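Here is a friendly briefing to read alongside the model. Take a look at the structure first, and then we can walk through it together.

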Amino acid sequence: MFAGAPRLIHRRLRLPHRPRALSAARCISNAGSTRPSPLAFAFDIDGVLLRGTKVLPEAKRALASLDGANALGVKIPYILMTNGGGVGEDERSARLTKQLGVPITPANLIQAHTILKSHAHEYADKNVLVLGGRRDVLRKVAEGYGFRNVYTTLDVKSWNPNVWPFYDLTPSEVASIKPADFSTTPIAAIFVFHDPRNWALDIQIMSDVILSRGLIGAPYTSPDDSVKVVFCNPDLVWRGGFERSRLGQGAFREAFQAVFTALTGKPYPHVQYGKPTTATYDFARGVLQQRIGEAYGEPAARQANFYMVGDNPESDIAGANAAGWSSVLVHTGVYDPASGPPAHAPTHEAPDVEAAVRWAVEREAVRARASG
Ligand code: G3P
Ligand code: MG
């Protein structure tokens, strides 16, 4: 696959061809420099750093090089920015730290639902339904964000099993239930935090909540948009441990809307977060600027060039391009160069995250040298 890529890469680079190894002396001489980093990275996770639970070999080397051992000889700030989720940022960052061998904290991790931290206050005292993930893990995450009355579709199934007769709760799901009478517990909003485990159950209950204007089981009325619906990840497909891409939360959204349209004649209006949305890239820009500001001060945070490294043209590249960032598309995930040019043209293509980082850092090193 990669035989042609290097040549292709050089053409795209429009940079003078550069002898492979920058003089060790120059690299070392800048090490520990307090000169501000002229760039910062946002790294996608699935298909860039991980494939399912497997850590891609280039990932550790790429992230380790950001600690100073690079062509700029400076520490380069970065965040991880994924459309994944399903657990809290604390748990996920601790797991990523073990997997990647570098310190990942909630301060430099953005999951698909992290942005809801800044919206929880709007629904703090209202009843909300949270979809996705296992059992009631995301109930606890939502409560951690500030939502106080959080229910799951498993709670609804437990309340009245006839709400969806084709599924029996497992013992561990029964243990996760928060009892409630949904005929008197109005649901004001539905938040799809992560990929649902039971599409049929969830589509049924989403339809019930909307068509009964929040009170499950109440007579159906023509939908009036009173129930807010929020999806956190638009990915139709993503790359996990299997050889081919897998259906993502975006496919669940399509399935829901197809059923809802069949029931009512039109899709239900919803809010979409996650890459490539502007809301999520603006949220990420704020987090990146904070990290740069902490390391090098305000001016550096305003001047730094942002680089998004991703495997999905529809989410990583489209979003970064729209945000005015530089974008690097790698070949270790969703996008397969054999399938033709990507739907959204990146600033650069690279075989993997290590080559992507090297290219971006050298590009900024050339710029730094040129600007003297
Ligand atoms: O469910 C996660 C998936 O949609 C993509 O994750 O890390 O590639 O943005 P990521
Ligand atoms: Mg990805």
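Is Lys126 buried, partly exposed or exposed? Lys126 counts as partly exposed because its relative accessibility is 43%, where buried means under 20% relative accessible area, exposed over 50% and partly exposed in between (1.4 Å probe, protein chains only). The model is predicted, so local features need pLDDT of at least 70 and side-chain atom pairs count only at pLDDT 80 or more, while totals for chains, interfaces and linings use all residues. Residues are numbered from 1 along each chain as its sequence is written, chains are lettered from A and ligands numbered from 1 in the order in which they are written, and side-chain values use heavy atoms, with hydrogens and water left out.

**The magnesium site**

- The magnesium ion (ligand 2) has Asp44 (OD), Asp46 (O) and Asp311 (OD) as its protein donors, at 2.0 to 2.1 Å; donors are N, O and S atoms within 2.8 Å of the metal (3.2 Å for Na, K and Ca), and sites may look incomplete because water is not among the atoms.
- Along the sequence, these donor residues follow the spacing D-x1-D-x264-D.
- Asp46 lies in the loop between β1 (39–43) and β2 (50–51) and Asp311 in the loop between β13 (305–310) and α12 (313–322), so this pair ties together parts that are 265 residues apart in sequence. Helices (H or I, at least four residues) and strands (E, at least two) are DSSP runs, numbered from the N terminus.
- Both Asp46 and Asp311 are buried.

**Polar contacts of ligand 1**

- A polar side-chain atom of Thr82 lies 2.5 Å from an oxygen atom of ligand 1; a polar contact is a pair of N or O atoms within 3.5 Å, and within protein one must be able to donate a hydrogen and the other to accept it, with residues adjacent in sequence counting only if both atoms are side-chain atoms.
- For Lys275, a side-chain N or O atom is 2.8 Å from an oxygen atom of ligand 1.
- Ile45 brings a backbone N or O atom to 3.3 Å from an oxygen atom of ligand 1.

- His194 is in the loop between β8 (187–192) and α8 (199–211), and it counts as buried because its relative accessibility is 12%.

- Lys126 is placed in the loop between β5 (109–110) and β6 (127–131).
- Its C-alpha atom is 38 Å from that of Ala40, 86 residues away along the chain.
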